[in-house]
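Here are some notes for a colleague opening this model. Please keep the structure in view while reading.

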Amino acid sequence: MAEQFPWLTAIILLPAVASLLIPVLPDKDGKRVRWYALGVAIADFILMCYALWKNYDPSSATFQLAENYAWVPQLGLNWAVSVDGLSAPLVLLAGFVTTLAIFSAWQVDRRPKLFYALMLMLYAAQIGVFVAQDLLLFFIMWEVELVPVYLLINIWGGQKRRYAATKFIIYTAAASIFILIAALGMGLYGGGDVTFDIAKLAIKDYPLALELFLYAGLLIAFGVKLAIFPMHTWLPDAHGEASSPVSMVLAGVLLKMGGYGLIRLNLELLSDAHIYFAPILAILGVVNIIYGALNSFAQTNMKRRLAYSSVSHMGFVLLGIASFTDIGINGAMLQMISHGLIASVLFFLAGVTYDRTHTMAMDEMGGIGQVMPKVFALFTIGAMASLALPGMSGFASEISVFVGLTTSDIYSSTFCTVTVFLAAVGVILTPIYLLSMLKQVFYGTGSKLTCNIGDVVVQNPEDEEAVCFGTDCILPTQAIYRDASPREIFIAASFIVLIIGIGLYPKLTMQMYDVKTVAVNAQVRQSYTQIAETSPGIYANGLLTPKIATVETSQVLGIVK
């Protein structure tokens, strides 16, 4: 009976249907609806944990918990959902982050019913993207996810929220057209019955020219979502204006849709084209890492600095995808999961800080560490994880990517050395801009501050009862700058426990997708072997300088398309 139950459909429909019931929920002050939304989110997260624990086999690379129902047979559109090693960990990540994001939105008092309804609808759409096995269904879920994010930024954002929301929807909606074009191109190719089933599309033999065209289109679509340079400019604006709970979901889950799409479609379905595009991905990854890190230095807004940090960290995902090694692709998956947790807790703590200071300008916050030691401690742990401190998940993911690219036998040693060296520069820059942020926010710049308490002027009050925060001075008894509450500590600690747990024991996560990523890489290497037999110097013939190394066909055990 457990095997026949439509687990994935229930996981998608539970928050979606619950969001539609919110308008009729009797609630005047928003307190009842927030408990309702949190209860639905927790129930859905428990449901997905139970379904995967009972029915998901990580030792299998095939699709599991598969459900397939005819939806619009005339268009070949089916409600086809399933999970495998690529989607299962990201489904759990989406459920975990979104549940805690809803819990973090406890103080929303403006149109709370609409806010929580949109959060639950976003919850459902995220899961739908990760479990969709029909490419048209994947596109529909991708589009549905855009609407709640646009409204959440546009209604509950900052002063420039309309600009940021409009920029977000233009970039992401325009780019997603390429997903529809690719779906129609792959589904209609070859004649016969039209199908958009991803498993069936994977066994089609496309002409190389068509594959290259489809790959380029999907790279644009997923590159915008992943914030690949130069298609990233919507991200800092969206983060800078979005509320903290929305930023948590945006950085923790939505960016990962781009990486998931690249592995699911570009690598699995278009592996021949990936041979030609892989060096470009590696170069873009290095550009992302260095460009994002350098731009972080120029930001005086805390959330914009964290946003550019996300741009930098997504470069490691590209490097892992382009590595042609098992550990490299494993590292890319781990980086998505790790960054999802780390970015979520950092944006949450940025929101906690904003609730006290009512500003995101770091030069107006100096000195708050002395009255908010718990927030400072939690923020420091999150920053250490982001800068890849050993023992935390960021270190495990980034070292896996570095080892994967370094040991790749596909590229020349010169290309690997230069790429790793430049990526390492970004790793060096990361602690500089993160630690300088901590110093500026919690310790101040060292300049003398002048603040007013009534008619009394206090200058640099180190030994006085008054405490200075930029242009505001308060007395400790006023308790305006209160420390983290138990609810806020619980939310941050939930992330930190997982970050440290994965850092100390990466197998905790990697065992969920290791078999699948190995199978995907084997298929890509099989495609490489076939192409290298006819074009042994394909990289050297173009603008790119690395030359493909020689690999014996017998060394590759993959799936021949």
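1. Cavities. On a 1 Å grid over the protein atoms alone, a cavity is a set of points where a 1.4 Å probe fits but cannot get out. Grid points are joined across faces, edges and corners, and a volume is the space filled by probe spheres set on the points. By this rule there are two cavities of 30 Å³ or more. The largest cavity holds about 50 Å³ of space.

2. Basis. This is a predicted model, where local features need pLDDT of at least 70, side-chain atom pairs count only at pLDDT 80 or more, and totals for chains, interfaces and linings use all residues. Residues are numbered from 1 along each chain as its sequence is written, and side-chain values use heavy atoms, with hydrogens and water left out.

3. Lining. Which residues line the largest cavity? They are L306, S309, S310, H339, I342, A343, L346, F347 and S386 (each has an atom within 4 Å of a point). Helix 13 gives the largest share, five residues. Helix 12 and helix 13 each supply at least two. Helices (H or I, at least four residues) and strands (E, at least two) are DSSP runs, numbered from the N terminus.

4. Overall make-up. The protein has 19 helices and six strands. Of its 561 residues, 60% count as buried. Buried means under 20% relative accessible area, exposed over 50%, and partly exposed in between (1.4 Å probe, protein chains only). Contact means heavy atoms within 4.5 Å. Among contacts between residues at least 6 apart in sequence, 78% join residues at least 24 apart.

5. Core. A nonpolar core is a set of buried Ala, Val, Leu, Ile, Met, Phe, Trp, Tyr and Cys residues joined through side-chain atoms within 4.5 Å. The largest one has 189 residues, and Y116, I127, F138, M186, L270, M302 and F495 touch the most other members. Helix 13 (residues 326-357) contributes the largest share of this core, 16 residues. Look at M302: beyond its neighbours within four places in sequence, its contacts are A350, T353, M360, M362, M365, F379, M437 and V441.

6. Helix 14. After helix 14 comes A388, with a positive phi near 65°.

7. The loop between helix 8 and helix 9. P230 is found here. A cis peptide bond joins F229 and P230, with omega about 5°. H232 also has its place between helix 8 (208-226) and helix 9 (234-241). Is H232 buried or exposed? H232 counts as buried because its relative accessibility is 1%. Leaving aside neighbours within four places in sequence, H232 is in contact with A227, Y291, Y308 and V311.

8. Backbone points to check. Most residues other than glycine have a negative phi, and most peptide bonds are trans. R111 is not a glycine, yet has a positive phi of about 45°. R111 sits in the loop between helix 3 (88-104) and helix 4 (112-131). At 48% relative accessibility, R111 is partly exposed. F324 has a positive phi near 65°. F324 lies in the loop between helix 12 and helix 13. At 2% relative accessibility, F324 is buried.

Note on methods: On a 1 Å grid over the protein atoms alone, a cavity is a set of points where a 1.4 Å probe fits but cannot get out, and a pocket is an open set with protein on both sides within 12 Å along at least five of seven lines; lining residues have an atom within 4 Å of a point.
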